Amino acid sequence: MLKNVVTNSRFLTINRTCDTDEAVETLYTCPANCRAHASMLHVVNAGGTVTVDVSISRASATQTTYGVDAFAHILGGKNMSTGDYIQFTGAEMILEAGDSVTIVADGSTPDVTAMLTVEEFFTVPG
């Protein structure tokens with residue numbers, strides 16, 4: 001039985017702006033040969049009133065290996081007025097290779113920005 005060996009890591013903060021009504025924006029996708037620990041998610045609405053959804057989509061390998069669902073809401077249908085923000089800290093979300101975090105803003109003139117901080121751990125099969 002082969003096991004993965006973790007090597008170096010790096011921290012990243014990724015941001016994405018959602019300014020098209022109901023467009024699915026990919027905030028982050030965990031690269032191949034990595035596992036990522038997401039430690040902070042910050043969502044702010046700078047435009048009109050919107051409904052925001054942040055979700056995790058699991059790669060088929062993650063679903064098979066861990067028996068998890070393909071999709072889960074992190075923040076589902078949250079109504080946000082101009083200037084509202086939500087920040088998640090203090091809990092880690094583990095992403096496997098191919099897993100992604102997406103955001104959708106639903107409103108007439110959305111202007112929502114999301115930031116995600118992750119630490120990527122590079123793995124070497126062995």
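These are my notebook entries on a predicted model of one protein.

**Ground rules**

I number residues from 1 along each chain as its sequence is written, and my side-chain values use heavy atoms, with hydrogens and water left out. Since this is a predicted model, local features need pLDDT of at least 70 and side-chain atom pairs count only at pLDDT 80 or more, while totals for chains, interfaces and linings use all residues.

**Entry 1: the overall layout**

I started with the secondary structure and found 1 helix and 8 strands. Helices (H or I, at least four residues) and strands (E, at least two) are DSSP runs, numbered from the N terminus. Going along the sequence, I read the pattern β-β-β-β-α-β-β-β-β.

Next I looked up burial, where buried means under 20% relative accessible area, exposed over 50%, and partly exposed in between (1.4 Å probe, protein chains only). Of the 126 residues, 36% count as buried. I also looked at contacts (heavy atoms within 4.5 Å). Among those with a separation of 6 or more, 83% are between residues 24 or more positions apart.

**Entry 2: the salt bridges**

How many salt bridges are there? I get 3, with a salt bridge being a side-chain nitrogen of Lys or Arg within 4 Å of a carboxyl oxygen of Asp or Glu.

Arginine 10 and glutamate 120 make one of them, at 2.7 Å from N to O. This pair links distant parts of the chain, with arginine 10 in strand E1 (residues 4-18) and glutamate 120 in strand E8, 110 residues apart. Arginine 10 is partly exposed at 41%, whereas glutamate 120 is buried at 2%.

Glutamate 96 pairs with arginine 35, and their closest N and O atoms are 2.9 Å apart. Here strand E6 holds glutamate 96 and strand E3 holds arginine 35, 61 residues apart in the chain. Glutamate 96 is buried at 13% relative accessibility, and arginine 35 is partly exposed at 28%.

Aspartate 99 bridges to arginine 58, with the closest N and O atoms 2.8 Å apart. I placed aspartate 99 in the loop between E6 and strand E7 (100-106), and arginine 58 in the loop between strand E4 (50-57) and helix H1 (60-66); they are 41 residues apart. Aspartate 99 has 0% relative accessibility and counts as buried, while arginine 58 is partly exposed at 23%.

While at aspartate 99, I checked serine 60 too: the two are 39 residues apart in sequence and 8.7 Å apart in space, C-alpha to C-alpha. Serine 60 is in helix H1 and is exposed, with a relative accessible area of 56%.

**Entry 3: glutamate 119**

I then went to glutamate 119, in strand E8 (residues 112-125). Is glutamate 119 buried or exposed? Glutamate 119 is buried, yet it has no salt bridge. The nearest side chain of opposite charge is arginine 10, 10 Å away; for charge, Lys and Arg count as positive and Asp and Glu as negative, while His and the chain ends are not counted.

Which side chain makes a polar contact with the side chain of glutamate 119? I found serine 9, at 2.7 Å. A polar contact is a pair of N or O atoms within 3.5 Å; within protein, one must be able to donate a hydrogen and the other to accept it, and residues adjacent in sequence count only if both atoms are side-chain atoms. Setting aside neighbours within four places in sequence, glutamate 119 is in contact with Ser9, Arg10, Phe11, Arg35, Ala36 and His37.

**Entry 4: two positive phi angles**

Most residues other than glycine have a negative phi. I noted glutamate 22, which is not a glycine but has a positive phi of about 65°. Glutamate 22 sits in the loop between E1 and strand E2 (24-29) and is exposed, at 52% relative accessible area.

Asparagine 33 is another non-glycine with a positive phi, about 60°. I found asparagine 33 in the loop between E2 and E3, partly exposed at 47% relative accessibility.
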